[in-house]
Amino acid sequence: WLKCAIQPSRARARPAPLVAAMVTCNRVLVAVPVTLFAAGWWHFARQGQEATSGPSADRNRGVGLFEAGDSCAGSCGTWASTCWCNDECTSRGNCCSDYEDVCSKHACPACPNSTYNCDDWIRWDPSKYTCDALQRDFNCDCRGCSRCSGPSPSPSPSPHDNVAKLRLFREAEYPQARCLDGSMAGYYYREGPANKYLIFLEGGGWCYDSNCASPTKAGTLKDCTARSRTSLGSSGRWSSEQDSYLTGMLSADFSKNPVFHNWTLVYVPYCDGASFSGDKEVGGLHFRGRSILRSLIQELLTSTSVRGAEQVVLSGRSAGASAVYYHADSVAEQLALTSGRLFALPDAGFFLNLPDKDGINCWPSQMKGLFDIIGNYGDLNAGCLKRFKNSQRWKCLYPENYVDLIETPLFALHSYYDSSETMYTLRLDCCPGGCGGRQPKCMGKELQLFEEMKDKHTKAWAALVRKNGSGIWSPSCIAHTMAWGKWTDSSWEVPAGSGNTMAAVVGRWLAGDDDGLHFVYQDEVAWPKNRPCAGDVAWK
C-alpha cells in the first residue's frame, strides 16, 4: 500500500497493510489513509507509500511562504487551515510563515520518504501500526512521538491460524528471482484446502523520477535506489511471519472474511518496483518482477497441489492490482490448471491515463519512464501488445486500453473517486468537503475534475462489465484499496443499504450465482450521495 507518502506503505494508497514500505513519491499503499496516503503510501504507494492522504511529495511549484498570520502551531506535518506545515511545503512554496520555527525541530519527525510520523500512522490504525513495527519495518524515529513515549501499543493477539510463514526462493533454483537490491524474493504461505488458492500480490506504488514534467533515467534510478533500501525493494527486513497485514479478504477469521478465510493463502511481498514486471539489471538494480512472478508459480506447481485446484484467485492491491491486470492471462497459462479455473480480483488498480490539473502528463510520464528503463513492456497483456505495437506499447500500462482482451474472468474492485488517482494522477491539492479540515475544500476546476472521475471510469471499464463472467464493484466514495479494511463493512455497500458488500458480491461471483445484475455493482449516485461510506470522509 505504501507509496510515496503513505506508504509508510506503498501504495498509491494508504498505509495499506504495511505490506508496503515507504516508497518515494509514488502511489502507495499498499493502503494508507488518504491523508496518510500522501504520506505517500507509496502513491503510499505512489508516493509514499501505497498507501492515503496529504499533499503529494512530487509536486513542485516554486519556493515562497504564505503571509504572516498563518501558523503551524499544533499542525506540524499537515494542513493548517490556509497553508501547509510539512516537509514538502518549502519546495512547493506554500508553507505557513512560522513553519521553520515551529516545525523544523518537531519532536516526532516524519518517517523516511513520508509526510507522516509514528503518531499519524498509529492514530490511523492502532491495530496494524505500532511503534516497534514502524521503527523496525520503515526506519521511523518514534522516540519523541507522544504515542510512543510509554510502552508501544500492540494489536490484539490474532489467532495462530491467521499467520503466514515466509518462504524465500532458493538461489540455486531461481537465481533471477531477486528484489531490487539483489536479495532473494519470496512469499508468505498459509496452508488451507488443496482445492482453493488465493494468490495475493502486495502493492506499494512504483519507483520513478519525482520530476514528472520531464522524468529522466537518472532521476528514476535514484528513486529506485532509495526504494531498494526499504522492505519494498529488499527482503532483508521482511519478518519470518506475516499476521498483522492479513486483514479483510486475507483474514483467516470467518466472521471477517466469509469468502477466503479457509483458502490456502499465498501472500507475495512486492520488491521489484514495477508491478511484478521486467527482467533486467540496470545500474546495479535488479528489475526482476517477471522472474519473481514466474518463479512463484513454478514453485507452487512443484511444491503444492495447486495444479489440481478447483479455484485459484489472483488478487492484489494498488500496484499489485495493476499486476493482476497485466499478468492474469500469463499466470493462467503457466498454471495450466487440470480442470479448475483462475479468477482475477484486482483491488484499486484500474488507473486511468489522465493529465493532472495543470495539463501535465505527470504520472503517465513517470510510468513510461520506468518501463522504458526496465525494457519490458513485453511482460504486459499479450493481447494488448498485439493491438499496440512498437512506440505505442506503453498504452498497455492502462487497463482501459485492453480490458476487453483479458481472457481470465475478472472482477474489479475500484472506487469511482480513487484517492490515489485524485492525489497522484490529477494531483489535486484539495479534498471535496475538506476532509474534516485536513485539506482545503475543492473548488472550481479542481472540483470539476474530481466530479468527472465517475463518468470517466464508467466509460473506461464499460467493456469489462459487458463481458460474461466478469464484473465490477464501484462505490461513489473516496477510497484507495478497500478489501483490506472494508471487505464486510455494511457502510460500504453498492448501492447503499443493499447488503452488497465486497465480500457478498465476490462470494456470489465465485459461486456463479448471478443475482440478475450480471455481477455489475456500480453506484448510480455520485459522491457524496452514497451517504454511509461518503460520510466516512475516507482518506482511506
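Residues are numbered from 1 along each chain as its sequence is written, and side-chain values use heavy atoms, with hydrogens and water left out. Because the model is predicted, local features need pLDDT of at least 70 and side-chain atom pairs count only at pLDDT 80 or more, whereas totals for chains, interfaces and linings use all residues.

The protein chain contains 15 helices and 14 strands; these are DSSP runs numbered from the N terminus, helices being H or I with at least four residues and strands E with at least two. Of its 540 residues, 62% count as buried, where buried means under 20% relative accessible area, exposed over 50%, and partly exposed in between, with a 1.4 Å probe and protein chains only.

In soluble globular proteins, nonpolar side chains tend to be buried together. A nonpolar core is here a set of buried Ala, Val, Leu, Ile, Met, Phe, Trp, Tyr and Cys residues joined through side-chain atoms within 4.5 Å. The largest such core has 124 residues, of which F260 and V506 touch the most other members. Helix α8, residues 319–335, gives the most to this core, with eight residues. Leaving aside neighbours within four places in sequence, V506 is in contact (heavy atoms within 4.5 Å) with V259, F260, L345, F411, L413 and W487. Another core, of 13 residues, lies apart from the largest one and includes C108, Y129, C131 and C145.

Helix α8 deserves a separate description. Of its 17 residues, 14 are buried, and α8 is thus mostly covered. A kink of about 60° in α8 is centred on H327, the bend at a residue being the angle between axes fitted to the seven residues ending there and the seven starting there. Just after α8, A336 adopts a positive phi of about 45°.

A disulfide is a covalent bond between the sulfur atoms of two cysteines. With a disulfide taken as a pair of cysteine sulfur atoms within 2.5 Å, the structure holds six. In one of them, C179 and C271 have their sulfur atoms 2.2 Å apart, and the link is left-handed, with -75° about the S-S bond. This pair links distant parts of the chain, 92 residues apart: C179 is in the loop between β1 (164–168) and β2 (186–190), and C271 is in the loop between β5 (264–268) and β6 (280–282). C179 counts as buried because its relative accessibility is 0%, and C271 counts as buried because its relative accessibility is also 0%.

A disulfide also joins C212 to C362, with an S to S distance of 2.3 Å. The link of C212 and C362 is left-handed, at -100° about the S-S bond. C212 lies in the loop between β3 (196–201) and α6 (217–227), while C362 belongs to helix α9 (residues 362–374), 150 residues apart. Both C212 and C362 are buried.

Which hand does the disulfide of C477 and C533 have? The torsion about its S-S bond is about 70°, so this disulfide is right-handed. The sulfur atoms of C477 and C533 are 1.9 Å apart. C477 sits in the loop between β12 (471–474) and β13 (478–479) and C533 in helix α15 (residues 531–534), 56 residues apart. Both C477 and C533 are buried.
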